[in-house]
Amino acid sequence: MSSPQVITPEEMLADAKRQLGFPRIVAICGSTRFMAEMAEADLRETKAGRIVVKPGCDLKSPHALWSDPVEAEALKVRLDELHRSKIRLADEVLVVGDYIGDSTRAEIAYARALGRPVRFTHPEVDPDA
């Protein structure tokens with residue numbers, strides 16, 4: 001008698017998305033200096049029939065929600081974790097912009113470690129190219 005096959009949460013999520021007939025989910029990554037380009041990529045991906053998740057806050061732009069430096073640092077930690085969850089949810093990653101900083105480089109490595117395909121609006125910045 002064979003032992004039952006263990007199904008990972010990742011496999012369960014992928015199976016649920018298939019059963020529900022979800023379109024592909026794309027996580028947009030990149031420096032927040034490219035927020036306008038991310039919005040344009042969101043439009044293009046959505047028009048192509050994909051669900052898009054992307055950064056929702058630009059902590060480099062002034063806002064009352066992160067005006068306190070201590071709270072802003074704690075928020076950045078939570079937002080980084082939230083974005084990693086978006087990458088896990090996604091079927092693929094689209095990196096926007098012609099610059100890759102440390103955070104984006106870490107997101108690319110995380111996506112690739114999960115087996116997610118990674119596309120670039122500027123392929124020449126691919127750290128693994």
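This is a predicted model: local features need pLDDT of at least 70, side-chain atom pairs count only at pLDDT 80 or more; totals for chains, interfaces and linings use all residues.

Biologist: Which residues of helix 2 (residues 35–47) lie four residues apart, about one turn of the helix?

Modeller: Glu40 and Arg44 do. A salt bridge of 3.1 Å, N to O, joins their side chains. Here Glu40 is partly exposed at 36%, and Arg44 is exposed at 56%.

Biologist: What is the general idea behind such pairs?

Modeller: Opposite charges on side chains can pair when the charged atoms come close. The whole structure has 14 salt bridges.

Biologist: With which residue does Glu92 form a salt bridge?

Modeller: With Arg24, where the closest N and O atoms are 3.0 Å apart. Glu92 lies in strand 3 and Arg24 in the loop between helix 1 (9–20) and strand 1 (25–29), so the pair ties together parts 68 residues apart in sequence.

Biologist: How do the two compare in accessibility?

Modeller: Glu92 has a relative accessible area of 7%, so it counts as buried, the cut-off being under 20%. Arg24 is partly exposed at 40%.

Biologist: What else surrounds Glu92?

Modeller: The residues it touches include Ile25, Val26, Arg50 and Pro117. A polar contact of 2.7 Å joins the side chains of Glu92 and Arg119. A network of salt bridges links Arg24, Glu45, Arg50, Glu92 and Arg119.

Terms used. Residues are numbered from 1 along each chain as its sequence is written. Side-chain values use heavy atoms; hydrogens and water are left out. A polar contact is a pair of N or O atoms within 3.5 Å; within protein, one must be able to donate a hydrogen and the other to accept it, and residues adjacent in sequence count only if both atoms are side-chain atoms. Contact means heavy atoms within 4.5 Å. A salt bridge is a side-chain nitrogen of Lys or Arg within 4 Å of a carboxyl oxygen of Asp or Glu. Helices (H or I, at least four residues) and strands (E, at least two) are DSSP runs, numbered from the N terminus. Buried means under 20% relative accessible area, exposed over 50%, partly exposed in between (1.4 Å probe, protein chains only). Lists of a residue's contacts leave out its neighbours within four places in sequence.
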